[in-house]
Amino acid sequence: MQKTFTKYIFLIITGAIFLIVLINFFLTLRTLKSQQYDSFQTKIGQVIHTLENNQQELSILNKNLDEDYLTRAKAAAYVLDRQKEVGSDEKELQYLAKLLNVDEVHIIDDNGIIISSSVSKYVGIDMADDKQTRPFLSILESNDKDAYFIQDAQPNAAEKKIMKYVGVARKKKKGIVQVGFEPVRQLEAEAKNTYEYIFAKFPTDTGEELFAVDIKSGKVIGNSNGTDLAYTASLYPLETLTNCTDGAFKKDSNNKTVYLVSREYNDVLICAAIPGDVILQKLGTNIFHTLLYLLIIEIAVILLLNYLVRQKVVNGIHHILNDLSTIRDGNLDTTVSVGGNREFEQLSEGINSMVKSIVSISDRISSIIEISGIPLAAFEYENEVENVFVTRGLGALLAIPADKAEKLYKNSQLFDQYIRGITEHPVEGETDIFQVNEQKFIRIHMSKSPDSYLGVITDVTGSVLERRKLQYENTHDHLTGLYKFSHFKKMAAEKLKNLPHKKICAIVMVDLDYFKSVNDTYGHDKGDIYLKKFATVLQSMPIEHFLTARRSGDEFCMMIFDCTEKTEITSYLDNFYKTLGKHPVKLSETESRVISVSCGFAWTNNTKTNVSELLHHADEALYEMKRDTKGSYAEYKPE
């Protein structure tokens with residue numbers, strides 16, 4: 001059966017090939033002229049495009065070089081204005097020219113005379129004596145300190161060699177600094193913008209020739225220097241070329257047929273020519289290649305047909321194996337779809353049913369968790385598997401957007417980095433509780449094996465916030481937000497115990513003056529505002545040196561720590577009183593009062609000192625202060 005199939009396919013394809021070759025022969029013969037015309041028009045268009053590009057590049061090059069030359073001239077003027085000794089020494093000027101990468105540096109005085117130069121023979125030249133140098137005198141005539149003149153490349157006055165000069169006005173005195181260059185890059189760019197250069201570099205096919213003729217003079221101004229065609233001399237005359245804008249066959253002096261195409265551009269005829277026998281050769285080559293290609297295709301098709309069944313089966317198996325590999329990597333959304341025969345279709349359906357069953361089990365687990373009402377989610381990933389297995393609600397527990405979660409679930413390495421980033425910073429005092437944002441806390445339990453990671457995440461925000469609330473209420477005064485006195489003593493004792501070497505600290509007892517009169521006069525509500533305002537001032541003190549608390553009623557205490565000497569403590573107290581003066585309390589619509597307080601402090605540098613002892617000493621100092629006067633502070637001084 002396979003041999004019979006191959007035999008008929010061979011006969012059909014062979015007949016089709018000969019029919020295609022016959023049709024191709026007539027079509028190619030008919031359209032070859034049009035194709036050659038299009039080819040020549042494209043090449044002529046490319047020549048014109050190259051000319052325009054070269055002209056544009058030359059313009060950009062000139063502009064860029066002018067800016068570069070002007071910058072170097074200004075740099076030379078800057079050096080000469082600040083280092084006068086350079087301008088009087090020829091070797092220094094030569095060194096400056098070398099540094100600036102220029103060929104010449106000239107200094108011209110306010111009379112237009114070159115008074116100093118890196119080229120000694122130019123000294124003494126009067127700029128007014130030659131049409132090449134004369135334009136630079138416009139700089140001297142201008143009152144603009146930033147005046148300059150950039151001259152196009154031309155023969156210079158001294159040696160008649162092609163140079164480009166740039167002159168700028170001197171800043172500190174009347175005069176000109178001029179730099180000169182040999183415009184090698186510009187001359188090279190201009191040389192590349194000629195028909196002769198472009199034709200010499202432009203690729204042409206065998207037998208083709210490109211040439212350009214000046215319409216006004218009739219002279220050939222460029223030739224591709226290709227094959228030495230016998231028809232060249234007889235075809236260059238304008239009367240022959242002007243009739244070839246749409247393409248034409250012409251006879252040369254030897255009666256040989258030539259195909260010509262011309263196009264006018266800027267008073268120039270750009271022409272392309274090829275002998276007629278070259279076109280016929282192209283026709284034969286085209287037919288031969290077409291026949292060869294078709295024969296190769298015929299052989300390839302027959303060989304492919306012999307292996308069609310085997311290849312189709314192998315490709316189908318490979319397709320299934322690739323899909324299975326993708327499923328193994330965790331991409332359970334993959335659908336195996338291999339057709340071509342009944343066996344492959346049944347196998348694909350069986351694999352898809354198995355994958356759906358696995359996905360269904362995952363969905364059931366997620367549903368059970370949701371029904372339980374417990375804010376819980378689970379995940380699992382393996383080292384060499386792309387996708388991560390997760391239950392519903394994991395993204396919400398981790399507080400990540402759906403699009404970011406989707407990316408993490410599809411890349412186990414990124415997911416692992418994300419989980420590690422969270423678990424590196426547990427909540428203080430905890431080992432498995434982590435904060436994912438300002439208002440969300442989670443507990444993560446992870447189980448590791450050599451090849452996989454299994455994790456369970458639960459939401460513990462409520463319990464964490466409740467514990468923090470209770471802790472805050474136990475340690476902070478409900479009215480002022482300051483530490484309670486009992487907690488203050490614990491923290492102060494800890495700081496005193498850990499007092500660094502050569503550091504001192506002080507306990508300060510604070511009592512509000514005249515607070516009773518505030519309560520009696522304005523009421524307890526205003527009294528509470530008075531206390532809160534004072535607490536705000538305490539809380540504004542630098543936390544790296546202050547520990548503050550409310551002792552009771554209108555009594556407060558502070559610990560000033562991490563100080564080097566006693567004057568630093570008194571400086572902080574002075575700043576405390578200044579801050580109080582800047583924060584008066586509004587007690588009524590018409591009356592505001594600056595809070596007046598009395599303080600007593602006792603300091604130590606001994607880590608073994610008892611906090612209660614310091615508090616007692618600070619109390620004694622406060623008592624002495626309030627007995628003698630009020631509104632200031634006093635230091636405890638033992639008798």
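User: Start with the five-strand sheet. What is the strand order?
Analyst: This is a predicted model. In it, five strands make an open sheet ordered β13-β12-β16-β15-β14, with antiparallel pairing.

User: Which are the edge strands?
Analyst: β13 (389-390) and β14 (433-437), each of which pairs on one side only.

User: How many bridges hold β12 and β16 together?
Analyst: Seven bridges, in the antiparallel sense, between β12 (residues 376-382) and β16 (residues 452-459). As a reference point in that pairing, Ala378 stands opposite Val456 in β16.

User: And the six-strand sheet, what order does that have?
Analyst: The order is β17-β19-β20-β18-β23-β24. That sheet is open too, and its pairing is mixed. At the edges are β17 (483-484) and β24 (633-635), both pairing on one side only.

User: How do β18 and β20 run, parallel or antiparallel?
Analyst: Antiparallel, with seven bridges joining β18 (residues 504-512) to β20 (residues 555-563).

User: Which residue is the bridge partner of Val510?
Analyst: Phe556, in β20.

User: Switching to charges. How many salt bridges are there in the whole structure?
Analyst: The search finds 21. One of them is between the side chains of Asp66 and Lys164, at 3.1 Å from N to O.

User: Is Lys164 buried or exposed?
Analyst: Lys164 counts as buried because its relative accessibility is 2%, and the cut-off for buried is under 20%.

User: What about Glu159, which side chain does that meet in a salt bridge?
Analyst: Lys121, at 2.8 Å from N to O. The pair links distant parts of the chain, 38 residues apart: Glu159 sits in the loop between β4 (154-155) and β5, and Lys121 in the loop between β2 (114-117) and α4 (137-141).

User: How exposed are the two?
Analyst: Glu159 is partly exposed, with a relative accessible area of 34%. Lys121 counts as exposed, at 55% relative accessibility.

User: Then Lys171. Which residue does Lys171 form a salt bridge with?
Analyst: Asp146, with the closest N and O atoms 2.2 Å apart. Lys171 lies in the loop between β5 and β6 (176-181) and Asp146 in the loop between α4 and β3 (148-150), so parts 25 residues apart in sequence are tied together.

User: Which residues are joined into one network by shared partners?
Analyst: Lys121, Glu159 and Lys161, through salt bridges that share partners.

User: Now surface patches. Which residues make the nonpolar one?
Analyst: Phe288, Leu292, Tyr293, Ile296 and Ile297 make a nonpolar surface patch of about 510 Å². Tyr293 is found in helix α9 (residues 276-306).

User: And which residues form the negative patch?
Analyst: Glu85, Asp89, Glu90 and Glu92.

User: Where does Asp89 lie?
Analyst: In the loop between α2 (84-87) and α3 (90-100). Asp89 is partly exposed, with a relative accessible area of 33%.

Note on methods:
Residues numbered from 1 in each chain as written. Predicted model: local features only at pLDDT ≥ 70, side-chain atom pairs only at ≥ 80, totals over all residues. Heavy atoms only, no water. Patch = residues over 30% accessible without salt bridge, like charges linked within 9 Å, V, L, I, M, F, W, Y side chains within 5 Å. Areas by Shrake-Rupley, 256 points an atom, 1.4 Å probe, with all protein chains shown as cover. Salt bridge = Lys/Arg side-chain N within 4 Å of Asp/Glu carboxyl O. Helix = DSSP H or I, 4+ residues; strand = E, 2+ residues; numbered from the N terminus. Lys, Arg positive; Asp, Glu negative; His and termini not counted. Charge placed at Lys NZ, Arg CZ, Asp CG, Glu CD. Buried < 20%, exposed > 50% of the residue type's maximum accessible area, 1.4 Å probe, protein only. Pairing = 2+ DSSP bridges.
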